[in-house]
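Work through these exercises with the structure open beside you. Try each task before reading its solution.

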2 protein chains.
Amino acid sequence: MSDHHHDHHHDTAALTKNQSLVMGQLSSANGPLSAYTILDRLREHGFRAPLQVYRALDKLVEFGMVHRLESLNAFVACRQPGCDTHETIAFTICETCGQVAELSDPELADHLKALAAATGFVLKKSTVELRGLCRACGRA
Amino acid sequence: MSDHHHDHHHDTAALTKNQSLVMGQLSSANGPLSAYTILDRLREHGFRAPLQVYRALDKLVEFGMVHRLESLNAFVACRQPGCDTHETIAFTICETCGQVAELSDPELADHLKALAAATGFVLKKSTVELRGLCRACGRA
DNA sequence: TTGGTAATGTTATATGATTACACAATTGCG
DNA sequence: CGCAATTGTGTAATCATATAACATTACCAA
């Protein structure tokens, strides 16, 4: 159907050592992490330089296992059920607790595409990041 | 109606010296500029340190005269007709020529709000940045 | 086995943004 | 006016994010 989706099925075993270590940190974190935070946490595993983290992150993002949050300069493990199949995604970012949730809404994707197309713009990639209060923090 | 919209009407005359200089650079640029690019261009006007730029940018963004593009770490002058009245905005960013256009679509705002609300999320601010090819570059 | 590709390690540097502190200009008000 | 509060400015240092350049190692495939 889609002409450029990921046909990867990278389970953890297929990752390289550095990729696994970085993925491990992101998976066990309950929110987004900056590259340098990941670096610090992996120093005891032999990491010495930012590039070790950034290279792993590049691949993990490419595989669709990790998302980059532009408005935070941080990275988060993908929590969607079919991580490698979803297309356009929006993120909600709670300004109080820092928690990030993914929203996958085909209608939104269509809406954005149509909106862009109306001005002759060919849409390649959407960044949608919503700031506010999550359900729990909104009650406070 | 809205409880925190801008009631400012800052015409250029009301800006401070540094704010005017920064605004001048952004207005005359035909695309987004990074804070350090602005700094370099204003050195001949006496600018010496990043903070002079960032402080001016903070105010200009607050006034609604300038937008920050999260995915570029750059800033662009607002080109919308009623710069201080529009609410939610999406940006198209051409990956070839770097040109940025603003889209102001109330339906999109509603859609995002509804999407967030469906998970109990209280939306404060939306970041929507669309990457792709502008009309001119798309023809190539 | 040999040659190419991908991954890694290391140093240095580029780029983006803020903290801390001192001082000057402007505004508001008694 | 005279004074205080606020806002704007200047400067240095530092923190935070990301990439360039180059050498080496691991792995896979002909």
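**Exercise 1. The nonpolar cores**

Find the largest nonpolar core of this predicted model and name the residues with the most contacts inside it.

*Solution.* 
Step 1: The largest nonpolar core holds 26 residues. L112(A), L130(A), L112(B) and L130(B) have the most contacts inside it.
Step 2: Look at which elements build this core. In chain A, β3 (90-94), α4 (106-117) and β5 (122-133) each give two or more residues. In chain B, β3 (90-94), α4 (106-117) and β5 (122-133) do likewise.
Step 3: Take L112(A) and leave aside its neighbours within four places in sequence. In chain A, L112(A) is in contact with L123(A), S126(A) and V128(A). In chain B, L112(A) is in contact with L108(B), V128(B) and L130(B).
Step 4: Now turn to a second, separate core, which has 21 residues. Among them are L15(A), M23(A), L60(A) and M65(A).

**Exercise 2. The fold of chain A**

List the helices and strands of chain A in order.

*Solution.* 
Step 1: Count the elements. Chain A has 5 helices and 5 strands.
Step 2: Read along the sequence. The pattern is α-α-α-β-β-β-β-α-β-α.
Step 3: Check burial. Chain A has 140 residues, and 45% of them count as buried.
Step 4: Check contact range. Take the contacts in chain A between residues at least 6 apart in sequence; 53% of these join residues at least 24 apart.

**Exercise 3. Two copies**

*Solution.* 
Step 1: The turn is 180° and the shift along the axis is 0.0 Å. The RMSD is 0.1 Å.
Step 2: Name the relation. This is a two-fold axis.
Step 3: Compare the contact surfaces. Both copies use the same surface, since 100% of the contact residues of chain A recur in chain B.
Step 4: Locate the axis. V128(A) comes closest to the rotation axis among the residues of chain A, with its C-alpha at 2.3 Å.

**Exercise 4. A serine in a loop**

Is S71(B) buried or exposed? Which residues is S71(B) in contact with?

*Solution.* 
Step 1: S71(B) sits in the loop between β1 (66-69) and β2 (74-77) of chain B.
Step 2: Apply the cut-off. Buried means under 20% relative accessible area. S71(B) has 14%, so S71(B) is buried.
Step 3: List its contacts, leaving aside neighbours within four places in sequence. They are E70(A), I93(B), E129(B) and R131(B).
Step 4: Look for a polar contact. The side chains of S71(B) and R131(B) make one, at 3.1 Å.
Step 5: Compare sequence with space. S71(B) and L130(B) are 59 residues apart along the chain, yet their C-alpha atoms are separated by 9.5 Å.

**Exercise 5. The surface near DNA strand D**

Describe the residues that surround DNA strand D.

*Solution.* 
Step 1: Count them. There are 15, and the closest are Y36(A), Y54(A), R68(A), Q52(B) and R55(B).
Step 2: Assign elements. α3 (50-63) of chain A, α1 (17-28) of chain B and α3 (50-63) of chain B each supply at least two residues. α3(B) gives the most, with 4 residues.
Step 3: Find polar side-chain atoms by phosphate oxygens of DNA strand D. Y54(A) has one at 3.0 Å, N18(B) at 3.1 Å and N73(A) at 3.5 Å.
Step 4: Turn to the DNA side.

Technical notes:
Residues are numbered from 1 along each chain as its sequence is written. Chains are lettered from A and ligands numbered from 1 in the order in which they are written. This is a predicted model: local features need pLDDT of at least 70, side-chain atom pairs count only at pLDDT 80 or more; totals for chains, interfaces and linings use all residues. Side-chain values use heavy atoms; hydrogens and water are left out. A residue is near a molecule or strand if one of its heavy atoms lies within 4 Å of it. A polar contact is a pair of N or O atoms within 3.5 Å; within protein, one must be able to donate a hydrogen and the other to accept it, and residues adjacent in sequence count only if both atoms are side-chain atoms. Copies are superposed by least squares on the C-alpha atoms of residues with pLDDT of at least 70 in both. Contact means heavy atoms within 4.5 Å. Buried means under 20% relative accessible area, exposed over 50%, partly exposed in between (1.4 Å probe, protein chains only). A nonpolar core is a set of buried Ala, Val, Leu, Ile, Met, Phe, Trp, Tyr and Cys residues joined through side-chain atoms within 4.5 Å.
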